[in-house]
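Please look over the model shown below before reading on.

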Amino acid sequence: MGKTALIIVDVQGDFLPPDGSLMVPAGLLVAPTILDLLKDQKYNWDYVVVSQDYHPTGHISFASSHPGHKVFSDIELKDGRGILYEQKLWPDHCVQGTKGCEIAPELVAKLSKRGDTVKLVRKGWHKDVEAYSAFDGYMTDFNNPADPPTEIDYQPQRKIVQWLREQGVTKVVVTGLAAELCVSHTALSAVASRFQTAVLQPATRALEDRDAEEQWDKLCAVGARVIGRSNRPRTLRWEDELKQWLAAEDAGAWPDWKKKNGSA
Ligand code: VGL
Ligand code: ZN
C-alpha cells in the first residue's frame, strides 16, 4: 500500500479573519478541522506538506505594483520567465517577514513536532513569477526553513514530485485556503503528476463559493475526488468517506483510459 500525504495550503494570516488583507470569509473554520485530521490516529498521515504564500514586496501579483490598475482586476502581463499570462491583481498579501505571511500558530505548534515527516513549501517567492500551486514552490525544512533560491526554477514541480515519490507517497489529500485558487491548483498539479488526489472540502474555504464549485467540477472531471462536498446528497459522514478513500487500493484518481492503454 502506498503512503499518504496531507497537503495544507496557505493557512496564513492574510487569508484569515479578522484582518487578513485577502481574507477568506469563513477561513477560521479550516485550522480546527485540519488539527482534528492531524490528531486522529485513524488517518495516519505518513507525510505532511505545508505551503506558504511567500511574496517579496512589489510582487508581480500585487495591484500596487501596477499603478493605474485596480485590485481584483485582470491584466495581461509577461512574467520573469517571459511567459504571457492573465493575472488577477491582488491586494498586497503574504509579504515575507510580515504577520500576514505567518502560518496559523496552532498549526505550527502541532506540525513542528512531526520532525522529518513535515515539509514546508514556499511559493510566489520570486518577484516576477506568480505561483498558485504548492507544487510550484521550493521545498524546505518546516522547522528550519532555508531562504529562497536566487534564480528562477523553470521546473519547480520536479523536486517536490520526486521527493514525494521517493517517500513512496501515492495518495494526497489537499486542504487549506483559498479553495478556488491555491487549493484547486495544487490538486490539479497532484493529478497531473499522477498522485491519487482528493480535496477535502470541509477543510477548505473559498473566497467565492461559486468559483470553488466550478473548480471541484473540473477536478472531478480529471479524476480527483472531492470528499464531503457540502451541496451534494450524502450517505456517509465525510470522516468515513475519507477513511474509505484512504483505504482503497485504487482510489481511481487517474482516469480509467490510462489503465486500458496499459500504461498505468
Ligand atoms: C492565493 C491569491 C493570491 C491563495 C494566493 O493562497 O489561494 N490566492 N495568492
Ligand atoms: Zn499570493
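The protein chain holds 7 helices and 9 strands, where helices (H or I, at least four residues) and strands (E, at least two) are DSSP runs, numbered from the N terminus. This is a predicted model, in which local features need pLDDT of at least 70 and side-chain atom pairs count only at pLDDT 80 or more, while totals for chains, interfaces and linings use all residues. Residues are numbered from 1 along each chain as its sequence is written, and chains are lettered from A and ligands numbered from 1 in the order in which they are written.

Along its principal axes the C-alpha trace of the chain spans about 50 × 40 × 40 Å. A compact globule of 264 residues would have a radius of gyration near 18 Å, and the chain, with 18 Å, agrees with this; the radius is taken over C-alpha atoms, and the globule rule is 2.2 Å times the number of residues to the power 0.38.

| Cis peptide bond | Omega |
|---|---|
| proline 17 to proline 18 | near 5° |
| leucine 177 to alanine 178 | near -20° |

Proline 18 is found in the loop between strand S1 (3–9) and helix H1 (30–39), and aspartate 10 has its place in the loop between S1 and H1 as well. Phi of aspartate 10 is near 55°, which is a positive value in a residue other than glycine. Alanine 178, in turn, lies in the loop between strand S7 (169–176) and H4.

Which residues are around ligand 1? They are Asp10, Asp53, Trp90, Leu177, Ala178, Leu181 and Cys182, a residue being counted if its C-beta atom, placed from the backbone, lies within 6 Å of the ligand. This shell divides into 5 nonpolar, no polar and 2 charged residues (Ala, Val, Leu, Ile, Met, Phe, Trp, Tyr, Cys and Pro count as nonpolar, Asp, Glu, Lys and Arg as charged, and the others, Gly among them, as polar).

Helix H4 (residues 179–192) packs with helix H5 (residues 209–221) at an angle of about 10°, with their axes 9 Å apart; axes are lines fitted to C-alpha atoms, for helices over the stretch in contact, and angles run from 0 to 180 degrees between N-to-C directions. H4 is therefore roughly parallel to H5, a description used for angles under 35 degrees.

Key
Parallel < 35°, antiparallel > 145°, perpendicular 65-115°, else oblique.
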